[in-house]
Amino acid sequence: MKVLGPIVTSKSIGQSYIQLRDLIPISKKYGYESIVLYEDHPKSWINFINLCNKFKIKPYILFENGNRVYFPKNSEDLKKLIRLYNGENLDLPFFEKSNIFKKIVYPTMQFSKIINNIDGDYIRKDYHLKYYITERLHDEIIKTNTNYNISEFYIGIPKLGGFKKLYESILPIISKLPDKYVERLKIELEVIRKLDVSDYILTVKKIVDIAKKAESLVGPGRGSAVGSLIVYLLGITLIDPIKYNLYFERFLNDSRKELPDIDIDVESNKRDMIIEELNKEFDIAQIKTFVRMKNKSVFKKIKEILNVDYSNKFSKNIRSPENMHLYSKYKDYYTLAFYLEGLEIAESVHAAGIILSDKNLKQKIPLDLNRDIPITLWEMDDLKSIGIEKFDLLSLDTLSFLKEFNFNYTKEHFISLNNKKAYEIISKGYTEGIFQLESKLAKKLAKNLKPDSFEKLYILLALNRPGPLNSGMFDEYLHGTSKSYLKELIPETNGVIIFQEQVMFLAQKLGNLSPSESDDFRRAISKKEINKIKHLKTKFISNASNIIGEKEAKILFEKIENFAQYAFNKSHSVAYAHLSYWIAELKSIYPEKFYLEYIKYKGLTMNIFNEMKLMNIKINLPNILTPNGNFNKNSIILPLRVIKGVGEFAEKTILDDIQKNGKYSSFEEFVLRSKEIGITRNIIEQLIKAGSFEAFNKNRRMLIRNISEIEMNASESSKKILSNVFGENISNESKKITTSKEDIFNFEKEVYGFVISS
């Protein structure tokens with residue numbers, strides 16, 4: 001048997017250039033029948049075993065731990081080594097590390113000649129395992145028929161009662177539902193039972209319940225989950241899918257092999273608390289991710305090594321077939337580019353994803369236990385292969401912001417969505433701070449579209465992307481140039497295919513496709529994989545021809561092809577439009593409070609400054625007597641935190657001092673008290689430059705000069721010292737220090753980034 005190894009993969013960051021995806025084809029090319037993996041961690045195990053099994057290569061694993069090398073022979077041995085890695089004391093048979101002479105860390109000889117900064121060999125055609133390890137270890141490996149079975153690692157998601165529990169949870173509601181809802185419910189329940197996703201949905205419900213218990217607002221829903229009536233009835237989402245004609249099949253259908261995604265938005269300042277509470281109910285872990293080299297960083301690295309740049313010769317991804325001809329022209333450059341693209345260069349943690357289990361994860365999977373919440377050593381694809389799914393718990397500042405207005409969901413919030421003032425400020429493009437509508441493109445589209453209803457608002461959110469603008473979708477909607485039969489079929493959007501659900505609707509209505517087929521149809525077209533569903537294309541055109549004629553059916557299919565890649569998920573758009581509306585309504589009712597609170601969250605920008613002027617709201621400089629700002633009719637006082645070099649902590653310290661010891665009666669008193677509360681001279685100077693002491697003295701330069709005098713009690717001797725330092729006679733009352741308009745301009749440019757004083 002021809003054995004390759006010992007191999008170190010690029011998941012041992014900085015110790016190898018061999019990516020797992022390259023290891024297998026190189027091994028096959030050289031005729032190796034088996035591979036020995038040798039690393040001091042289990043990060044590569046699952047993917048390595050899966051790839052070896054897929055390409056019929058025998059996998060062997062050597063695990064280095066300190067000065068010991070373990071050789072697991074089956075899945076049970078691997079499980080023991082995982083427990084050993086996680087810190088459990090186990091007495092297992094081992095070899096001394098000295099049994100291994102050298103590792104293989106380079107994919108090819110050519111690559112190793114160009115980059116040779118790691119101690120190790122490259123993959124050779126006829127240089128077998130026996131040249132790298134002792135005869136004793138070699139013989140042990142060769143005689144062993146390893147059996148690493150991934151299915152034996154299966155963990156799955158928490159078991160919370162399955163379909164029976166899910167059905168019981170909604171049973172009390174069913175009798176109160178209209179017939180239309182009951183019929184929809186039957187369809188959804190059957191699919192959920194058939195696909196066995198009840199425990200997944202119940203786990204998400206548990207997360208939502210815990211978030212609510214932690215007094216966090218939970219988002220109204222996001223993504224395709226908003227299209228499920230059951231998910232709505234369970235209180236996971238808050239948008240009635242039947243009211244907005246949202247499709248369950250976009251979320252879940254018979255042809256889907258993977259679990260659905262139900263992502264959850266929570267208040268950003270409550271997420272950690274929610275995770276702590278979840279940790280009491282489940283075994284919980286965060287998910288490891290790897291930062292991998294992309295085109296830009298690859299080409300930059302090659303330029304450092306070869307001092308040449310041929311990046312403009314490459315099209316698309318480096319490994320795309322279009323670039324293969326470059327190998328003969330730029331052999332070294334292409335070789336480096338090929339093997340560096342996708343290389344792991346750092347480890348990270350998934351921004352939102354967590355895994356939850358009803359089992360002891362320390363006994364099951366390798367973990368980094370150096371944090372309060374452990375991190376898996378396996379990536380999400382590896383975890384999926386053993387039945388673990390991630391649950392996305394996303395921080396959303398908008399929810400925290402709503403809480404500042406004592407916002408809590410009521411039935412009225414989902415019915416009364418017709419405040420004219422809210423739509424007016426959106427239509428004028430005054431959308432700073434309005435969820436999903438803050439970009440330049442959003443403002444431009446809002447002013448053109450001028451939404452005056454909730455329906456038009458969620459259409460605006462769907463169109464607020466470069467794709468719809470560049471494809472002509474937006475113009476067609478705005479000017480109503482769609483064909484009359486499309487306007488009749490999808491009047492909601494003037495006959496324009498804006499939503500993915502509309503692609504599905506047309507596929508069902510004109511193409512006579514089933515709901516499941518219509519989602520396959522939509523998904524394949526949006527991903528430009530039309531060759532995968534030729535039969536559905538034929539069926540669509542054939543059936544549509546009977547209604548609108550063959551010529552028009554073919555034109556419509558082309559139109560769907562063009563627009564489907566830009567079409568948006570209506571479920572997501574409708575849900576998020578609620579957040580946009582609520583924020584816009586608050587902004588229209590309480591504009592001064594809105595701007596003050598928004599500035600506290602996001603800081604003061606020129607865009608906000610200009611918009612407030614357009615809204616006829618005066619911006620007053622920060623005031624040391626009101627550290628966290630204030631507002632009145634048509635005006636606000638800025639909080640101290642907007643001043644560069646001051647920040648929220650100093651603002652809170654000053655506020656606490658005022659609440660404890662009373663307001664400052666003079667600049668002198670502030671300087672003397674500031675020493676006791678840890679406010680530095682640098683912060684005081686920034687406060688002066690920002691105009692925070694104008695209630696006491698408008699002469700900012702004089703105040704800066706006075707700081708030292710106050711600190712040194714302005715004694716005669718201290719005045720002499722200051723005179724020497726500053727080179728002027730301080731006692732000379734006739735020498736006046738003034739603050740010019742130019743001084744104010746420069747001061748404010750420094751501390752705000754632009755001038756606030758008119």
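**Helix 13 and what follows**

I began just after helix 13, where G342 takes a positive phi of about 85°. The model I am reading is predicted, so I kept to its limits: local features need pLDDT of at least 70, side-chain atom pairs count only at pLDDT 80 or more, and totals for chains, interfaces and linings use all residues. Residues are numbered from 1 along each chain as its sequence is written, and side-chain values use heavy atoms, with hydrogens and water left out.

I then went back to helix 13 itself, residues 331-340, and found it mostly covered, with seven of its ten residues buried. For my notes, helices (H or I, at least four residues) and strands (E, at least two) are DSSP runs numbered from the N terminus, while buried means under 20% relative accessible area, exposed over 50% and partly exposed in between, with a 1.4 Å probe and protein chains only. The buried residues of helix 13 are Y333, Y334, T335, L336, A337, Y339 and L340, and what covers them includes helix 1 (20-29), helix 4 (109-114), helix 11 (295-306) and helix 12 (326-329).

**E188**

Next I looked up E188, which is found in helix 7, residues 179-195, and is buried with a relative accessible area of 0%. What does its side chain reach at 3.0 Å? I found the backbone nitrogen of I230 there, and I also noted a polar contact of 2.9 Å between the side chains of E188 and R184. A polar contact is a pair of N or O atoms within 3.5 Å; within protein, one must be able to donate a hydrogen and the other to accept it, and residues adjacent in sequence count only if both atoms are side-chain atoms. Leaving aside neighbours within four places in sequence, E188 is in contact (heavy atoms within 4.5 Å) with G227, S228, L229, I230 and F248.

**The cores**

I then traced the largest nonpolar core, which has 117 residues, and those with the most contacts inside it are F454, L457, F521, I560 and L687. Its largest share, ten residues, comes from helix 27, residues 570-589. A nonpolar core here is a set of buried Ala, Val, Leu, Ile, Met, Phe, Trp, Tyr and Cys residues joined through side-chain atoms within 4.5 Å. A second, separate core of 80 residues includes V3, Y32, C52 and I104. Returning to L457, I listed what it touches beyond four places in sequence: Y423, I426, L437, P451, A577, S580 and Y581.

**The whole protein**

Finally I noted that the protein has 35 helices and 16 strands, and that 54% of its 758 residues count as buried. Its C-alpha atoms fill a box of roughly 100 × 75 × 60 Å, taken along the principal axes. Among contacts between residues at least 6 apart in sequence, 70% join residues at least 24 apart.
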